[in-house]
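Me: I have a structure to go through for class. Could you help me read it?

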Amino acid sequence: MPIIQWYPGHIAKAERQLKEQLNRVDVVLEVIDARIPLASHHPDVPQWIGSKPRILVINRVDMISESARKDWLAWFKAQGENPYFTDAKQGKGVKAIEKAAQETGISINQRRSDRGMLSRPVRAVVIGFPNVGKSALINRLLGRKVVESARRAGVTRQLKWVRISDHIQLLDAPGVIPIKLHNQKDAIKLAICEDIGEAAYDNQQIAAALIDLLVELNYEEIFLSRYQLDPIEITGEQYIHTLGNNRYKGDKERAAMQLLNDFRKGLMGELSLEFPP
Ligand SMILES: Nc1nc2c(ncn2[C@@H]2O[C@H](COP(=O)(O)OP(=O)(O)OP(=O)(O)O)[C@@H](O)[C@H]2O)c(=O)[nH]1
């Protein structure tokens, strides 16, 4: 049985909503997670948006190291992409995105006027997996809070245009990319980073997967200093079991939540879970 469960009905509905939003816009801002830029990019996005311009936003840049940021920048450039790194929580890097959207608007309006059409503000939508920071980005672009930004995945609903400037209009409801199950490994990374609804997985399994992954990536020193427990000779599952016994009177769920929260809040340090291939 897969660790991550997702319901076909939900996927179909979310996909329909997303396509409807995409139909209405000229430019797409795709937000991915800096800790997992590959797993948080949906492979079908290019096909969904067709020839529309796309601005790639790598959010949560505050959660990875500067050297990881540079490596990803070089890698994406080599793929012909021009990524923008943001910390949407603090508002870092957001001005550059506004400028990029505005520039796409200029070329769109140039084409309109070449065809004898009136110019109009460029229409944009922010899309991405649940909880990657879409609402935080929208609020930063607007310079005020219109969209609820919360730590829980899947908070955003309904559709409305909001004005960013004379040149840009934005759909205030972000497009949520549904998670399909064709890649369990990516789905696990999304769950670890909380870029997927909590109902879809089991905390203890995901926490165990986090430990196994961090050990695989040679981050094991963090564990000794933070939890006084070495993960090297044991599995992630055994680690949670032991941590639960040592600290929480045998409560494995609390141990799992502690580990996941520490990681998600960045308390374990700047930890990339993926590196350029
Ligand atoms: N550290 C850090 N946290 C961020 C950043 N951007 C967003 N967050 C936090 O991540 C959580 C999710 O952000 P949201 O903006 O609600 O994410 P969303 O993509 O709109 O989520 P849904 O509406 O559920 O799809 C919130 O707790 C934000 O404060 C960032 O760049 N860095």
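Me: Where does Asn-218 lie?
Reply: Asn-218 lies in the loop between helix 7 and helix 8 (221-227). Helices (H or I, at least four residues) and strands (E, at least two) are DSSP runs, numbered from the N terminus. Residues are numbered from 1 along each chain as its sequence is written. Please note that this is a predicted model: local features need pLDDT of at least 70, side-chain atom pairs count only at pLDDT 80 or more, and totals for chains, interfaces and linings use all residues.

Me: Is Asn-218 buried or exposed?
Reply: Asn-218 is exposed, because 7 other C-beta atoms lie within 10 Å. A residue is buried if 20 or more other C-beta atoms lie within 10 Å of its own, exposed if 12 or fewer, and partly exposed in between, with C-beta atoms placed from the backbone.

Me: And what is its phi?
Reply: The phi of Asn-218 is near 65°, a positive value in a residue other than glycine. Gln-228 also is not a glycine and has a positive phi, of about 50°. Gln-228 sits in the loop between helix 8 and helix 9 (236-247), and it counts as exposed because it has 10 C-beta neighbours inside 10 Å.

Me: Let us step back. How many helices and strands does the chain have?
Reply: The chain has ten helices and seven strands. Of its 277 residues, 39% are buried.

Me: Which domains does the assignment give?
Reply: It gives domain 1 (8-176) and domain 2 (202-264); such bounds come from an automatic or database domain assignment. The C-alpha centres of domain 1 and domain 2 are 34 Å apart.

Me: What does Leu-137 touch?
Reply: Not counting residues up to four places away in sequence, Leu-137 touches Val-31, Val-57, Asn-59, Thr-86, Ala-88, Val-94 and Val-126. Two residues are in contact if their C-beta atoms, placed from the backbone, lie within 7 Å.

Me: Now the strands. What does strand 1 pair with?
Reply: Two strands pair if DSSP finds at least two bridges between them. Strand 1 (residues 27-33) pairs with strand 2 in the parallel sense over six bridges, and with strand 4 (residues 122-128), again in the parallel sense, over five bridges. Glu-30 stands opposite Leu-56 in strand 2 and opposite Ile-127 in strand 4.

Me: How many residues of strand 1 are buried?
Reply: Seven of its seven residues are buried. Val-27, Leu-29, Val-31 and Asp-33 point one way, while Val-28, Glu-30 and Ile-32 point the other way.

Me: Why is strand 2 called largely enclosed?
Reply: Five of the six residues of strand 2 (residues 54-59) are buried, so the rest of the structure largely encloses it. Strand 2 also runs parallel to strand 3 (residues 84-86), joined by three bridges. Asn-59 has Thr-86 in strand 3 as its bridge partner.

Me: Which unit do strand 2, helix 3 and strand 3 make?
Reply: With helix 3 at residues 66-78, they make a right-handed β-α-β unit. Right-handed means that, with the strands pointing away from the viewer, the path from the first strand over the helix to the second runs clockwise.

Me: Which residues does UniProt list for "binding site"?
Reply: The unreviewed UniProt entry lists Asn-59, Arg-60, Val-61, Asp-62 and Gly-175. They span 117 residues in sequence and the farthest two C-alpha atoms are 23.3 Å apart, so they do not all gather at one spot. UniProt positions are given in the numbering used here, feature names are shortened, and annotations may be inferred rather than shown by experiment.

Me: Where is Val-61 placed, and is it buried or exposed?
Reply: Val-61 is in the loop between strand 2 and helix 3, and it counts as buried because it has 24 C-beta neighbours inside 10 Å. Leaving aside neighbours within four places in sequence, its contacts include Ala-34, Phe-85 and Gly-93.
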